[in-house]
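Trainee: Hi, could you walk me through this one? I'm new to it.
Mentor: Happy to. Let's have a look together.

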Amino acid sequence: MTKNLRVKTSEYVDETNRISFKFNGKIYHGFKGDTLASALLANDVHLVGRSFKYHRPRGIMTSGSEEPNAIVQINSGTNRTEPNIRATEVEIYEGLEASSQNCWPSVEFDIGGLNNFLSPFLPAGFYYKTFMWPASFWEKYEFFIRHSAGLGKSPTSIDPDIYDHRNVHCDVLVVGAGISGILAAKNAAKNNFKTLLVDEKNELGGSTIYENNEFNKIDNKIPSEWLKKEIEELKSIKNLEIKTRTSVAAYHQYNYLLARENLTDHLEAKDKTNKIRQRLLKIRAKKVILATGALERPLIFNNNDRPGIMLSSAIKKYSEFYGVACGSKNVFFTNNDSAYESALSLYNKGINVEAIIDIREQSESKIVKKIKEAGIQIYWSHSIIDTTGYKRLNSVSIMKLSNDGASVTGSKISISCDCLGVAGGWTPAVHLYTQSGSKLKFDEEKKVFLPNKNTSEQISIGSCSGDFKIDEIIKNLNQKLKDTLNIKETDLDNIKVEIDQENSKRNIWLLPSDKPLGKTKPFVDYQNDATAKDIKLALREGFRSIEHVKRYTTTGMGTDQGKLGNMHALGIIADTAGVKMGELGTTTFRPPYTPLTFGTIVGRNVGKFFDIFRRTPINDWHVENKAEFENVGQWKRAWYYPINGETMHQAVQRESKAARESAGILDASTLGKIDIQGSDASEFLNRVYTNAWSKLAVGKCRYGLMLNEDGMVYDDGVTTRLGENHYIMTTTTGGAANVLGKLEDYLQTEWPELDVYLTSVTDHYATASLCGPNSKKILKKLIPDLDLSDENFPHMSFKEANIGSIQCRIMRISFTGEHSYEINVQASYGKDLWKKCMEAGQEFNITPYGTETMHLLRAEKGFIIVGQDTDGTMTPIDLQMDWIVSKKKYDFIGKRSLYRSDTMREDRKQLVGLLTDDPNIVLEEGAQIVSELNKSPIEMLGHVTSSYFSPNLNKSIALAVVRGGKDMMGKKLFVPMENKNINVTVANPVFYDEKNKRLNA
Amino acid sequence: MFLINCPYCGERDQQEFKAGGEAHIERPKQPTELSDDEWAEYLFIRKNIKGVQFERWNHAHGCRKWFNMVRDTSNDEIREIYKMGEKPPSQ
Ligand SMILES: [Zn+2]
């Protein structure tokens, strides 16, 4: 039977709004305002999961995002399923289904629980030590590890939700809306700073909003009442934006922060549709005020992980905020006064508190006196040495602590209980602070790391800066606000605070037991099952750096990044190694503070927005004519145009023959185009290309090769002189942006004296490349009055002319070896130009061809494609293109490097042609080339860079780079493949029309 | 994510910029006169300091202008930004 532990009506939980949800298949009820954790606790459910390594039963420990244990999978089997969700953060809604993770077949009976009994054989580093040797055994271990490790299951269907990104700018960002965050935001906004206040919870006020401790007063009111009034006032303040359910995930340099705003996770399925689920806020703040609070520390003692063992502060929150008692027989274990507040909260609601075990010798504060008066037994100077109860705590055993706190004495007392609240002091939440690059220092007295050296405009206030008492918080906050906002007065000047003074603390990182450490299980990292003895083992085995101990023991490496136990791990290392904690430093806290969904990270960049496609102005025609497309950089280029179910090979063979036999047409709009103007334009080209440009006449075109300063080929293309001081340069499709960037770099930084201006015009022109023996006749039909004779319009020259009313720039240049023209028009006329060409070419069977045929035709001619036949290690000499390297020019980019001893080596890889002895075998691009087959190790001479079956030569052809290939003409080599060796012969890379007769055909 | 004060456009997000390596390495005026070692020094050898470093940056997705930056690589503090051709500030 489930008990109802709802003990008090709470203003934050709406008892008129009953909600049913499922946990591990069973229906439970809670109320609007409950988290999954508070609703389960109200139903007396503590056991929610199994631990990672030993599969020990685990319960709910906390009430917030630091939860290490209560991690669930929600909505399994739906497309909204999500793993590794903290039950303490899920707001329940009608229809919510949650289930335990890391257990099989069920959380009640988990086979992996055997690991718990095997634990003497699973010490720290067990996985490293065992599974890494011998290496060949990994395959056998892998199955076991993959099945026993891992938390939840990721969704397998498409995420139905919408995610969004937003850029946010503000003067002041306040992170955390507890008492200090609220006061800071209020004063910032009132002083005309555009302020943004964010908090991960759905209610403002942090822990003060349910602080009903009668011994603390602000302006004569109990803190919760006083703060409610402050929050009410916030609503009327201008300049202030408040975002709840918004968790800051990352704090980068220059006050750039990423926050996730949760918009629909608390709604039931029918209300989630067509809404943005989560929004990533990219915040750039002039000033950041961190009010991230503090996390309560557990205490480290034997078997401190059983369901029913919780943080004392969480018990208080469940009692005061959710109106839920976490147990019927409660015990607290503490080293400071805060457990007494939790005990008092339960006592005031009539819930049984059996005892308080306090490791201190005494405390005389008002609240301790009150507890004594209430007749609750306090065991001073005692420690818990063991607990019992496998799936739910049922007793604790205590003994008296020795004076030095290192051992226990006297007789054992057993106290029966079903819930234990532990209070080990407070750890300031400095995670975001350190992410920003700011540095911490260790406060030996308070035993906390505190903000020390800020790197950006930021302050930390409240408990994240080490102020734990309301009077300290308000006093220090007031001064910090005045300093950072440069204001003289604040609301805080006249606030009167009375507080109950705590007068003793005691800190023991690892509490002793009556058993030796080796026989106990004091957990430090609950999620990863790292115990104090694992940490000591790591130290014994020689690990010293905190980062190494962390990785070896996996302490702090779970999804919670060890928010609860990291300080204890450090303390235990310091005590054991005899060093000061401040000298050890901390491990690095990395973003995100709490996990982010992939959806939030990618936002709207999904589907067709994942990467941007560029399409040419002629694209629609290609689509209408059933072209297949290939991606070239961001461009979608027509690849080939299959007719009547042709395969790619068939289509390419047909297109290639047509282009050589009659006429072909290619959409060349994607080629990069840079407009170059200025009185030094010719000199500029002289410096960036390997060949000479000064003597190029107006109206003429020239092929150019561009190198990097290291002498390696970078890009190529034809540049045309349009006027005395005006050129248009074409670049490769993929290289356009980089070439422009490189040219700008030289112009601005090395040669600022040159009068040259560069403008990218790639998108401004559409280009149709008309080629083949009938191209001239087609162009004649299009422009009857243009003299196309070789005398007037020779190869490598340029004319301006009109087709109808469309102005054209026509270059007679060729990448196929055929007589051909590149016709450039304003982009918006591209499709019209293309159609006119197709119409005029119809009688010549003009054939549109794609990039594959273009590649084949140029390979027949031995023309290189930069990036396919070159790879950043090829000089023009390696490419056998010595003819294009000017000997006369004093300098050009990369020239000096062509004379380095390494680039002058004779045995560099050089571009050659390759013919297979069997003309029907087409080599694979990338295949390796060798000269001897029966040698071991086999020596690789090079590889195939381009390979096709040439329909015009009726044989297979290939380009390859081969070590010393230049001097190997006619030599027999081999291309070894998986199941055969292919015999090949080194050949001239120009396979077709070596004398270039067809250019003028 | 840096906030970079482009000398031509003002403060912009780092994602608009491209880093261009060490600053004040002038391309030799007469490369052909240099030995292999001297040329290699220009071509390949760069400092990689933990501390104050002089760097070239380009406002690639903005005005496309190159400029110089003095940055402390140990904490990413941008100490100074100045135009190409201007003298480095004495640090
Ligand atoms: Zn700019």
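**Cores, a helix and an interface**

Mentor: In the largest nonpolar core, which has 118 residues, A:Leu36, A:Tyr318, A:Phe333, A:Val396 and A:Leu420 touch the most other members. A nonpolar core here is a set of buried Ala, Val, Leu, Ile, Met, Phe, Trp, Tyr and Cys residues joined through side-chain atoms within 4.5 Å. Buried means under 20% relative accessible area, exposed over 50% and partly exposed in between, with a 1.4 Å probe and protein chains only.
Trainee: Which helix gives the most to this core?
Mentor: Helix α5 of chain A, residues 179–190, with seven residues. Helices (H or I, at least four residues) and strands (E, at least two) are DSSP runs, numbered from the N terminus.
Trainee: Before we go on, where does the model come from?
Mentor: This is a predicted model, where local features need pLDDT of at least 70 and side-chain atom pairs count only at pLDDT 80 or more, while totals for chains, interfaces and linings use all residues. Residues are numbered from 1 along each chain as its sequence is written, chains are lettered from A and ligands numbered from 1 in the order in which they are written, and side-chain values use heavy atoms, with hydrogens and water left out.
Trainee: How many helices and strands does chain A have?
Mentor: Chain A has 24 helices and 49 strands. Its C-alpha atoms fill a box of roughly 115 × 70 × 55 Å along the principal axes, and 59% of its 1001 residues are buried.
Trainee: Is helix α9 of chain A enclosed or open?
Mentor: Eight of the 11 residues of α9 (residues 338–348) are buried, so this helix is largely enclosed by the rest of the structure. The buried ones include A:Tyr340, A:Leu344 and A:Leu346. After α9(A) comes A:Gly350, with a positive phi near 80 degrees.
Trainee: What about A:Thr195, buried or exposed?
Mentor: A:Thr195 counts as buried because its relative accessibility is 2%. A:Thr195 lies in strand β9 of chain A, residues 195–198. Its side chain reaches the backbone nitrogen of A:Ala189 at 3.4 Å.
Trainee: Switching to chain B, how many of its residues are in contact with chain A?
Mentor: 29 residues of chain B are in contact with 29 residues of chain A. The two chains bury about 2400 Å² between them, 44% of it on carbon and sulfur atoms. That buried area is the accessible area (1.4 Å probe) that two parts lose on being put together, summed over both. In chain B, B:Met1, B:Arg27 and B:Arg64 lose the most area to chain A, together 29% of what that side buries.
Trainee: How many salt bridges cross the interface?
Mentor: The rule finds six between chain B and chain A, a salt bridge being a side-chain nitrogen of Lys or Arg within 4 Å of a carboxyl oxygen of Asp or Glu. B:Asp36 forms one with A:Arg896, with the closest N and O atoms 2.8 Å apart.

Key:
Contact = heavy atoms within 4.5 Å. Polar contact = N/O pair within 3.5 Å; in protein donor to acceptor, adjacent residues only side chain to side chain.
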